[in-house]
Amino acid sequence: MKKLPLYLAAALLALLPSSLFGQERPWPNTTVIGAMQNYNPKESDDFYTAVNRGWILGAKLPEGHAAISPFTERELQVDDEILALLKDKSLKGKDADNVHNLFDLFLDWETRKDSGIQELKKTLALVEGADSLEKIDGVLCGGKSLYMQGANFFTFDIGGDYVNNLKNVLYIYPTNLSLGDSKEYKELSPHGKNTKEYTDTITLFVLKKAGYGQDKAKKIVEEKYEFESKIAGAMMTLEEKKRPDRFEKIMNKVSILDLEKASEKFPIVKAMEALGLAKANRIYLTEPKWLKTMAKVYSEENLQILKSYLIAKITFANKGLLDRETNDFLTRTKCKRDGIELAPTEEAQAKNFVEDCLSTPLSKLYAKRYVDKNAKKRITKIIKDIIKEYRTILEEQDWLCQKTKEKAIDKLNATRIHVAYPAFWDSYNSLNILDAARGENFYTAVQKIRDFEFEKELKWLNKIGGSAMWNGRIFEVNAFNSFTTNSINIIAGIIGGNFYRPDMKDEELYGKMGVIIGHEISHSFDPTGSRFNKFGAMKNWWTEEDLAAFKKSAQKLIDYYNGINSLGSSRQSGQIVQGEAAADMGGVKVMLSLAKKKPDFDYKLFFESFAKTFAFVGTRELAERIINDPHPFNNLRVNVTVQQYDEFLQAYGIKPGDKMYLAPEDRIAIW
Ligand SMILES: [Zn+2]
């Protein structure tokens, strides 16, 4: 595999004035390529950089990637395994046929030459031909295939009721905004500007492919923004959507009659009927203010901008299903956006696409061939040990009363443990992706999958249960906590590589897989997770006094993060990162608690293993794009976490005056 030597990129960036990096505090953001320059800190001043400096300087960006980390390194291993599955024609059965056919259809440029564009044009013609509001109604009420291609002014989700999480209910969400965050329509941020440039470039290109002239295409894009600007002010901002109190904000119970009244001419109820959604026993309208505004905007007078919004949206949603020229253009534009110099191969793109579209069938094949049963057993045992130790941490909290402690421990004990792959899989046997010889093309295949997923979700409306939360993407290098099922999920992808080897020393195992497991358990008690009880229902189990103390701690953490310049003079929002930051600290804390039981525990090896797990370096473009991610930048994930603990300060002899020092009264770990 060809790789870009990082020193080359670093050399280029080093020509920039150093003041560009100088505004970051208290530590320069060394997760960004070129930020290192001559910076060579001591462990006591910048632990993350001191431990990872050599790795960062030697790191090379693999093709198609804007960053490299131990997560990426493991992803590359898994990628090879998945590619082998996709090419192994000796695999038999429906799942294998479906993934093989989709993979081959992606790469079948001959068939893709015209078929996708023709299909897209057919859909666009429906919108184009609507010369009255009534005819737009017809498009919106045209059923699932049109809805799934992007011909809609609302989206929905069928999932557990947050309060009574056994029953599946219907959540109605506003339509998407192409700039992502409604805040961007007030004042465009540098981040929003990048998003706009990226989206516009692609939309204009694909519109041209679909037969629009340059001027008409530009007009469509302008009118799309005109429509979005009219509704954005009534929609939640990204930060509001990520706050721990977001659930009660969106759980606005409405009836079909309420929707009918509030929507005026906007045919949301008719569209829901056409989609089979109107039979929902319980409906939550997530943003009532949006519907009110949408009802006003949906008028004959706005016909043109409504149409342009739909055309731009459908174009963007189906951009990846067209011909080779479009595919090349998309790849180049995306690489430019993220600062990627080496584009991913077409084969890698096809693999990524199958992973996204048919994750469950592919996961099933992956589990069968690649997951080691012994590792699954051992990780399960390690998780049980860590959960047991977590009890000690909860018991030791002197700010909690006995009653809250018992409830917390009760929740902890009820944690469901999911390791590697699920016991049951959703069946994809009724999905039939054919090969090109039997008349299938890439666009129709994807449409079949979209329709299948739609029906699969719809089946659960008003019913108890649903797809296993972690049914798909077990090949992802990740782990997660599901609040609504009170489960922690350590999936197959992360069990391997740098994170887990059967022969690891305890200190390494603790600093890597141990901290990851501890992190996921801690999410159950982070500012959002702590709002859910042991059954996964959003019901308060805290005494009033303890909850107030908890919120005060969380606020201290938020304030601390709001005071950090993470990237240049830009900051990550403490509100947004609080959950992940708290989980990192909880993860290290529980492993330190276990470490106390090990004689001669090598604390330096433990902390270094942790710092290495989160080694990361990527392009500046990527850093700018992920600044609103709920995870703090990795240098902060390491430095802010370790500075909370005496074991760390002692192991490295850190004293007041050192940059890693944090006085006990200033510490922000919640647990
Ligand atoms: Zn997390």
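A residue is counted here as buried if 20 or more other C-beta atoms lie within 10 Å of its own, as exposed if 12 or fewer do, and as partly exposed in between, with C-beta atoms placed from the backbone. The structure is a predicted model, in which local features need a pLDDT of at least 70 and side-chain atom pairs count only at pLDDT 80 or more, while totals for chains, interfaces and linings use all residues. Residues are numbered from 1 along each chain as its sequence is written.

The mean pLDDT of the chain, that is, the predictor's confidence in each residue on a scale from 0 to 100, is 94, and 96% of the residues reach 70 or more. Over residues 1-21, however, the pLDDT is below 50, although this stretch has 30 contacts in the model beyond near neighbours in sequence; two residues are in contact if their C-beta atoms, placed from the backbone, lie within 7 Å. Where pLDDT is low, the predicted coordinates should not be read in detail.

The chain has 29 helices and eleven strands, assigned as DSSP runs (H or I of at least four residues for helices, E of at least two for strands) and numbered from the N terminus. For 671 residues, a compact globule would have a radius of gyration near 26 Å, and the 26 Å of the chain agrees with this; the radius is taken over C-alpha atoms, and the globule rule is 2.2 Å times the number of residues to the power 0.38. Buried residues make up 42% of the 671 residues, and among contacts between residues at least 6 apart in sequence, 77% join residues at least 24 apart.

Y428 lies in the loop between β8 (416-420) and α22 (442-458), and this residue is buried because 21 other C-beta atoms lie within 10 Å. Apart from residues up to four places away in sequence, Y428 touches K94, D95, N98, T360 and P361. Helix α5 (residues 94-107) has 14 residues, which at 1.5 Å a residue should span 20 Å, in agreement with the 20 Å between its end C-alpha atoms; the expected span is 1.5 Å times one less than the number of residues. The buried residues of α5, among them D95, N98 and V99, pack against α4 (70-87), α18 (346-357), α19 (359-370) and α22.

Strand β8 also belongs to an open sheet of three strands in the order β8-β10-β9, with mixed pairing, where two strands pair if DSSP finds at least two bridges between them. The edge strands, β8 and β9 (479-482), each pair on one side only. Five bridges join β8 to β10 (residues 487-491), and these two strands run parallel; the bridge partner of R416 in β10 is S487. Helix α20 (residues 373-396) packs on the sheet, touching β8 and β10, and its direction makes about 150 degrees with that of β8, whereas helix α23 (residues 506-523) touches β9 and β10 and makes about 20 degrees with the direction of β9. For these angles, axes are lines fitted to C-alpha atoms, for helices over the stretch in contact, and values run from 0 to 180 degrees between N-to-C directions.

Elsewhere in the chain, helix α28 (residues 634-642) is largely enclosed by the rest of the structure, because nine of its nine residues are buried. These buried residues pack against α3 (47-58), α25 (574-595), α26 (603-613) and α29 (646-651).
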